[in-house]
Amino acid sequence: MFTVRSRRAGLAAVAAAGLLGSVAVPTAAQAADADRHKTVNLQLLAINDFHGNLEPPAGSSGTIREIDPATGQVVSTPAGGIEYLATALRQARIPADDSITVAAGDIVGASPLTSALFHDEPTIEAMDKLGLDVTAVGNHEFDEGAKELTRLQEGGCHPVDGCYEAGRKFKGANFNYLAANVTNEKTGKPILAPYWVTRSQGVKVGFIGVTLEGTPNIVTAEGVKGLKFGNEVTTINKYAAELKKQGVNSIVALIHEGGLPASSTYNYDCGAAGQGISGPIVDIAKNLDPAIGAIVTGHTHNAYACSIPDPQGVPRSVTSAASFGRLYTEIDLKLDKTTGSIVRPSVKAENHVVRRTVEKAPDMTALIERYSKLAAPIANRPLGFIASDINGRGNSDPEKPLGDVIADAQLEGLAPADKGGAQVAFMNPGGIRSDLVYKATGAEGDGVVTYGEAFTVQPFTNMMQVKTLTGAQLVQLLQQQVSGSNEASPKVLQSSKGLTYTLDMRKAGADRVLVDSIRLNGAPVDPAAKYRVAANEFLAGGGDGFPAFAAGTDKLVGASDLDVFAAYLGAHSTAAAPLKAPAQDRIKVLGPGSDLD
């Protein structure tokens, strides 16, 4: 039914050549010890939410917060980049009896230009070189629809853009994409394999992969057309039962859904019972079949290596390696050769920083250089100038400086009557994928913003829309940031200049928005009046839990979000007068909430 791919058969030869060291031959003492205890050792190396970040992520998006052991202070350490990730994983595999590399989704999608310009084929190639064996699909794997995802797995030239180089044909991923809870609406069958089974030193090991059930709420309608997304727990338990019937008792779940640890430091201890983590993954983990020995997660871009009790109250490892290849998780397991199951008390999981102090992997350097050269004519075109870093993705404040810039750009681009007559614009925070960094990343010079850098910030190229909302609907829109599906994990929209209001996070739900504080250009919002509101097509369609947008009328479609962003940078900055970071004075927050996303 599904094409099953595997790179494991070829690992021994690669290891012998000194490139990977992925499958080490046990010594006589190790073999005797394993036989005596009837267990074998298996190492899992896990990543998630790589998002095509082949080159080291810039600015605060390319750092990991950790506690300096010398001072006890929290510091930000530069991390990530496929050249360093490859070296780190290859070094980690060397002492392992056996090693499998896994991922929990969003390997591609929302990617920087070096990968996105080629429909993420460079990242698929890099993951094959990296030694990835299997991954769950994430929501971003559906950005270009199920057909494109299938092409990434199976191979073939892009139906519109071709194969980019004469004589080249894209071979597809040699690792396995798993989509257990993503089915065709008409047939009810999974669009890709629901699980993958391999052997580790004679023991069968199964991996079940799912994405979050709410994927349709955070992907454009076109991307998930004709698909149905099932419940994570129901799906995983169904296939766990199926695997057990096949004699597969060592099972790992790869889930593109995650949690919210109480600390932003990567090596935070969640506690033995997982009290230090919240979010959707907690309830999921508590209800998964106890036969599942470990859970690898993603989506929230957080770092944690926690234990959460299973339905029988037994602690179980639940991990996430942040995002962008800045961390990897090492999970050490013992497999019982008699029962074929994971010995749960033996599971040890730890996150490791992908530090940029290790040597670069030469094969990854060559891959980046190859695609960077092809992308250079587009990527290196200068758009504008900034006076300092303007933080977006790396900023944890509810109102982000780069969010203000993007919303202002959208308002300016769609305010003319013939462009939609927008009076206010909103940007979803999850759509801001990076920072604008002052330090040059190439030969463009400090403070120069290139097309490639702007694309990294807004890689979706969503078309802009302007809709008419009543004042009452505008208030509802603001309330939906902190209520409904967004109550537990607020999504504070980035708003254009002229709109101000106060959030009181000491309150609950919609009451967190102090309605009397809302002002548009200094005037209270009239519930009965009509307002023209701009947003990208994803947000304007009600995405991210904002149905008030979907209820808008008189839709007008404008230029892409990237085009209006580029135009704004060009119109508001010169080398002599670069753009400065905004003051972040539009949203006042009372009480806790400085870490809202």
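1. Among the elements covering the buried residues of H7 are strands E8 (195–200), E9 (203–211), E11 (250–256) and E14 (292–297), plus helix H8 (280–287). Contact here means heavy atoms within 4.5 Å, and buried means under 20% relative accessible area, exposed over 50%, partly exposed in between (1.4 Å probe, protein chains only). Helices (H or I, at least four residues) and strands (E, at least two) are DSSP runs, numbered from the N terminus.

2. Before going on, the ground rules. This is a predicted model, with local features needing pLDDT of at least 70 and side-chain atom pairs pLDDT 80 or more, while totals for chains, interfaces and linings use all residues. Residues are numbered from 1 along each chain as its sequence is written, and side-chain values use heavy atoms, leaving out hydrogens and water.

3. Which residues of H7 are buried? They are Glu-232, Val-233, Thr-235, Ile-236, Tyr-239, Ala-240 and Leu-243. Looking down the axis of H7, these buried residues fall within an arc of 160 degrees (directions from the axis to the C-beta atoms), so they line one face of the helix. An α-helix has 3.6 residues a turn, so residues three or four places apart point the same way. On the face turned away from the buried side, H7 carries the exposed residues Thr-234 and Lys-245.

4. The length of H7 checks out. Its 14 residues (232–245) should span 20 Å at 1.5 Å a residue, the rule being 1.5 Å times one less than the number of residues; the end C-alpha atoms are 20 Å apart, which agrees.

5. Now the ends of H7. Asn-231 caps the N-terminal end, with a side-chain oxygen 3.0 Å from the backbone nitrogen of Val-233. After the helix comes Gly-247, which has a positive phi, near 85 degrees.

6. Stepping back, the chain has 15 helices and 29 strands. For 597 residues, a compact globule would have a radius of gyration near 25 Å, and the chain's 24 Å agrees (taken over C-alpha atoms; the rule is 2.2 Å times the number of residues to the power 0.38). Buried residues make up 56% of the chain. Of the contacts with a separation of 6 or more, 76% join residues 24 or more positions apart.

7. Is Ser-434 buried or exposed? Ser-434 is buried, at a relative accessible area of 6%. Leaving aside residues up to four places away in sequence, Ser-434 touches Ala-58, Ser-61, Gly-392, Arg-393, Leu-402, Thr-456 and Val-457.

Note on methods
A polar contact is a pair of N or O atoms within 3.5 Å; within protein, one must be able to donate a hydrogen and the other to accept it, and residues adjacent in sequence count only if both atoms are side-chain atoms.
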